[in-house]
Amino acid sequence: MPLQITVVPASTQAGTAVIRVLLGSETAPVVRGYYRDPAKAPADFTSHPSFEAVKADVSDGPTLDFSGSDAVFYVPPPTYDGRENGEVARQNAVNVNAALGAAKPSPKRLLVFSAMGAEHSSGIGILKINHISDDVLKESAPEVVIARPPYFQESLAHVFEEIKTDPPVFHSVFSPADHQVPMASLTDISNACAQKLLETGQELPARPYVFYITGPRNYSSLDVKAAAEEVTGKKIDLVTIPKDDLVTFFSKQVGAPIAAELAEMTVATLPGGLIAKDLHVYDNDKNTYKGRVELVDALRRLYKT
Ligand SMILES: NC(=O)c1ccc[n+]([C@@H]2O[C@H](COP(=O)([O-])OP(=O)(O)OC[C@H]3O[C@@H](n4cnc5c(N)ncnc54)[C@H](OP(=O)(O)O)[C@@H]3O)[C@@H](O)[C@H]2O)c1
């Protein structure tokens, strides 16, 4: 019997990237993707004989049915609808836990997508959704794996939108300009997570088994500028947002409570911040999955002329 793997929510960036790796894997697992709107499943998934799109909402517990799945990949989604992120994350995780308990036969492995820094209970802004989810789900299946990736390199796609101005300029929340923060590509992150799902049934040294994902190195705002210049062939100006202006900066994009959460998460990566202080731990932990994709290569894939 092929391995059956459920991804919830499948529409997340991490969920989509992991499904793509699983469907291309020689192991040939059967993949079920849970969507609030299954019509959003990409055509290359729905045309694949080993993929099924299922309608489900992690905020609506009874819609979650993990019966028959060997492994479940849960990506805690952020909430931008005005509800408190921590409360929604807790209720969503409680729903996932209940569905795992009710499933017959029950899944052997749960992989929880978390984030670098989520080991802290406060001072990490919006990453509290990961701290809470990790805590609720840490013993929810016989095998529990928690993946802690850093900032996605692909989150910098906004640079290409911003530099359409004349002269080209982009804003970076990472200051000072030469301060390097951890970043990894979704390619490396999805390879690491897919591998953990395909290893379902293999003994783990601990429950939960926690592992970090890093890129080949860390990157500064100046590194982002250099990579974007190399990819576009343009000379680009960089404006870094001072730490004290981050809330105002994010408030132009999202509502006030989320802006404060995004600012606090960013500050954790800046000099003296909780994540910055632990970089040596993430880099040197024996379980860390070290990615290979350089920022310039991730940006090159995103750039459309
Ligand atoms: N982005 C990063 O750089 C980064 C780095 C490290 C860790 N993470 C972690 O990755 C996770 C995802 O974060 P993200 O910002 O990257 O978000 P994202 O992948 O862009 O996910 C948002 C998606 O979640 C889906 N969703 C929201 N509520 C849902 C619900 N109740 N039921 C089913 N689907 C729901 C939405 O799908 P529809 O609207 O289509 O239904 C939306 O497409 C978070 O736990 C975050 O901390 C992110």
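Student: So helices (H or I, at least four residues) and strands (E, at least two) are DSSP runs, numbered from the N terminus. Where is Ala28 found, then?

Tutor: In the loop between helix H1 (13-23) and strand S2 (30-35). First, a caution: this is a predicted model, where local features need pLDDT of at least 70, side-chain atom pairs count only at pLDDT 80 or more, and totals for chains, interfaces and linings use all residues. Residues are numbered from 1 along each chain as its sequence is written, and side-chain values use heavy atoms, with hydrogens and water left out.

Student: What is the phi of Ala28?

Tutor: Positive, about 55°, although Ala28 is not a glycine. Most residues other than glycine have a negative phi, and most peptide bonds are trans.

Student: Which residues does a cis peptide bond join?

Tutor: One joins Lys104 and Pro105, with omega about -10°. Pro105 is in the loop between helix H3 (85-102) and S5. Another joins Asp166 and Pro167, with omega about 0°. Pro167 is in the loop between helix H5 (158-162) and strand S8 (169-172).

Student: New topic. Which residues come nearest the ligand?

Tutor: Ser11, Gln13, Asp57, Pro76 and Asn130, of the 24 residues around it. To count as near, a residue needs a heavy atom within 4 Å. By class, that shell has 14 nonpolar, seven polar and three charged residues. Ala, Val, Leu, Ile, Met, Phe, Trp, Tyr, Cys and Pro count as nonpolar, Asp, Glu, Lys and Arg as charged, and the others, Gly among them, as polar.

Student: How far is Gln13 from the ligand's oxygen?

Tutor: A backbone N or O atom of Gln13 lies 2.7 Å from a ligand oxygen atom. A polar backbone atom of Pro76 is also 2.7 Å from a ligand oxygen. For a side-chain N or O atom of Ser155, the distance is 3.2 Å. A polar contact is a pair of N or O atoms within 3.5 Å.

Student: Which elements give two or more residues to that shell?

Tutor: Helix H4 (128-137) and strand S7 (151-152).

Student: And how many aromatic pairs are there?

Tutor: Nine. Rings of Phe, Tyr and Trp (its six-membered ring) pair if their centres lie within 6.5 Å; planes under 30 degrees apart are stacked, over 60 edge-to-face, the rest tilted. Phe113 and Phe152 form a tilted pair: 6.1 Å centre to centre, 55° between the planes.

Student: Why does that pair tie together parts apart in sequence?

Tutor: Phe113 lies in strand S5 (residues 109-113) and Phe152 in strand S7, so the pair ties together parts 39 residues apart in sequence.

Definitions and conventions
Polar contact = N/O pair within 3.5 Å; in protein donor to acceptor, adjacent residues only side chain to side chain.
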